Amino acid sequence: MERILVSACLMGRRVRYDGGAKTSSDARLAGWREEGRLVPFCPEVEGGLPTPRPAAEIEAGAGGAAVLAGAARVLAADGSDVTTHFLEGARLALSAARASGARLAVLKEGSPSCGTLSIYDGAFQGRRVPGQGVTTALLEANGVRVFTEDQIAEAATYLDTLEAGGRSL
């Protein structure tokens, strides 16, 4: 059975920076949970950040790949550098994916860890720019396909392909 790494906040866990969750009501996700496919994970908490915590953004909206390369930092709204926590969380997420055999993930869009299509621009003004979070960038660089919570239908199609023995869509 294919396993799926999933943002813990989408599963109702109160791990977000504000102490809340972003529980998904998607029926497919609920079905995968019942089947025991899901591996809930919060890179920020696993990387050592508390809940709640100051909001964080990648400076200048540079994206997760730039953080992984050492060319950008993740800064909290209070000005503190939390890059090491984001890097550790990403590393641990990849480790969890590998340990469980997960080749796909459903992660929370917009997060500096889990953003897949967009992240915040680093100015703490609520503006998004195209880009990936640190965890998404590391997972995808290592062959784990990442989908947002709004792409669960696409994730299901990819899951079907994996289970049919295909390598990718």
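Residues are numbered from 1 along each chain as its sequence is written. Because the model is predicted, local features need pLDDT of at least 70 and side-chain atom pairs count only at pLDDT 80 or more, while totals for chains, interfaces and linings use all residues; side-chain values use heavy atoms, with hydrogens and water left out.

**Exercise 1.** Find out whether Glu-149 is buried or exposed, and what its side chain reaches.

Step 1: Compare its relative accessible area, 16%, with the cut-offs: buried is under 20%, exposed over 50%, partly exposed in between (1.4 Å probe, protein chains only). Glu-149 is therefore buried.

Step 2: Look at the side chain. Glu-149 makes a polar contact with the side chain of Lys-108 at 2.6 Å. Such a contact is a pair of N or O atoms within 3.5 Å; within protein, one must be able to donate a hydrogen and the other to accept it, and residues adjacent in sequence count only if both atoms are side-chain atoms. The Glu-149 side chain also reaches the backbone nitrogen of Glu-109, at 2.8 Å.

**Exercise 2.** Decide whether Cys-9 and Cys-42 are buried or exposed.

Step 1: Cys-9 has a relative accessible area of 7%, so Cys-9 is buried.

Step 2: Cys-42, at 12% relative accessibility, counts as buried too.
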